[in-house]
Amino acid sequence: MSDPITNPPEAAVAAEQVPAAAAPAERSEQRGGDRGGRGRGPGRGGPRRRPEAEQNVNSEFCEKVLFINRSAKVVKGGRRFSFSALVVTGDRKGKIGIGLGKAAEVSEAIKKGGEASKQNMLSVSLAGVTIPHDAYCAFDGAKVLLRPASPGTGLIAGKTVRAVLETVGIKDVLSKSLGSKNAANVAKATIAALQSLRLREDVAKRRGVSLGGARKEAAAPAAPVAA
């Protein structure tokens with residue numbers, strides 16, 4: 001009489017394969033937890049840092065870089081590069097300034113441009129989030145036309161004019177840039193157009209006229225006396 005088979009060969013092989021299949025999964029989890037694999041952690045470099053422009057969202061002033069230019073100087077050892085940055089700064093409440101910074105590094109040039117723009121702040125007359133009347137101004141070859149718009153229109157402008165209007169606090173305006181596309185000239189023409197804006201109250205005060213008073217009607221000519 002033969003002995004009963006307690007462990008078939010198939011069952012023994014299956015039992016031996018179960019822990020072997022689970023081992024790679026455990027190793028992958030440990031590897032992902034230590035190194036921060038895809039979607040499991042911050043990664044090797046740690047949490048990403050937000051750009052400086054996003055970190056200063058709640059600051060008093062808003063800075064925007066309009067243009068960065070690179071110039072090269074040929075020297076004995078090769079070429080030496082320098083950068084210039086045109087920066088516009090505003091408080092979104094009617095004040096704006098523009099500055100140009102030059103340095104050997106881009107970040108340093110932007111920093112110098114921002115400091116120069118804050119030293120040249122100018123006040124602009126606004127009618128809420130739009131402008132009180134049409135404005136047209138030219139600077140060198142650039143010409144800029146600004147027109148007030150109804151609420152909800154938004155900024156209909158190019159990138160340079162839009163950056164200037166956003167920093168000063170305008171949200172609804174129609175604009176058209178004519179002539180040269182040079183960023184510096186377009187920005188200065190836009191600021192000159194904003195400087196030409198005047199409110200009704202300011203004009204009336206300068207002329208010594210009261211806007212709330214009733215206008216005096218001209219006296220009607222007397223009727224001719226019948227003979």
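These entries record what I looked up in a predicted model of one protein chain.

**Conventions.** I number residues from 1 along each chain as its sequence is written, and my side-chain values use heavy atoms, with hydrogens and water left out. Since the model is predicted, local features need pLDDT of at least 70 and side-chain atom pairs count only at pLDDT 80 or more, whereas totals for chains, interfaces and linings use all residues.

**Overall content.** I assigned helices (H or I, at least four residues) and strands (E, at least two) as DSSP runs, numbered from the N terminus. The protein chain has 6 helices and 8 strands. Read from the N terminus, the elements follow the order α-α-β-β-β-α-β-β-β-β-α-β-α-α.

**Surface and contacts.** I took accessible areas from the Shrake-Rupley method with a 1.4 Å probe; for residues, only the protein chains shown count as cover. The protein chain exposes about 16500 Å², of which carbon and sulfur atoms supply 52%. Of its 227 residues, 26% are buried (under 20% relative accessible area, 1.4 Å probe, protein chains only). I then looked at contacts (heavy atoms within 4.5 Å): among those between residues at least 6 apart in sequence, 55% join residues at least 24 apart.

I found an open sheet of 4 strands in the order 1-2-3-4, with antiparallel pairing (two strands pair if DSSP finds at least two bridges between them). Strand 1 (62–75) and strand 4 (122–123) are at the edges with a single partner strand each, so one side of each is left without a neighbour in the sheet. Strand 3 (residues 95–103) is joined to strand 4 by 2 bridges, and isoleucine 96 has leucine 122 of strand 4 as its bridge partner. Helix 4 (residues 159–168) packs on this sheet and touches strand 1, strand 2 (78–90) and strand 3. The direction of helix 4 makes about 135° with that of strand 1 (axes are lines fitted to C-alpha atoms, for helices over the stretch in contact, and angles run from 0 to 180 degrees between N-to-C directions).

**The hairpin.** Strand 5 (residues 135–139) and strand 6 (residues 142–148) run antiparallel and are joined by 5 bridges. Phenylalanine 139 stands opposite alanine 142. The hairpin has 2 residues between the strands, and aspartate 140 takes a positive phi near 55°.

**Helix 5.** I noted that helix 5 (residues 183–195) has 13 residues. Its buried residues include Ala183, Val186, Ile191 and Leu194. Asparagine 182 caps the N-terminal end of helix 5, with a side-chain oxygen 3.0 Å from the backbone nitrogen of alanine 184.

Note on methods: The expected span of a helix is 1.5 Å times one less than its number of residues. Buried means under 20% relative accessible area, exposed over 50%, partly exposed in between (1.4 Å probe, protein chains only). A polar contact is a pair of N or O atoms within 3.5 Å; within protein, one must be able to donate a hydrogen and the other to accept it, and residues adjacent in sequence count only if both atoms are side-chain atoms.
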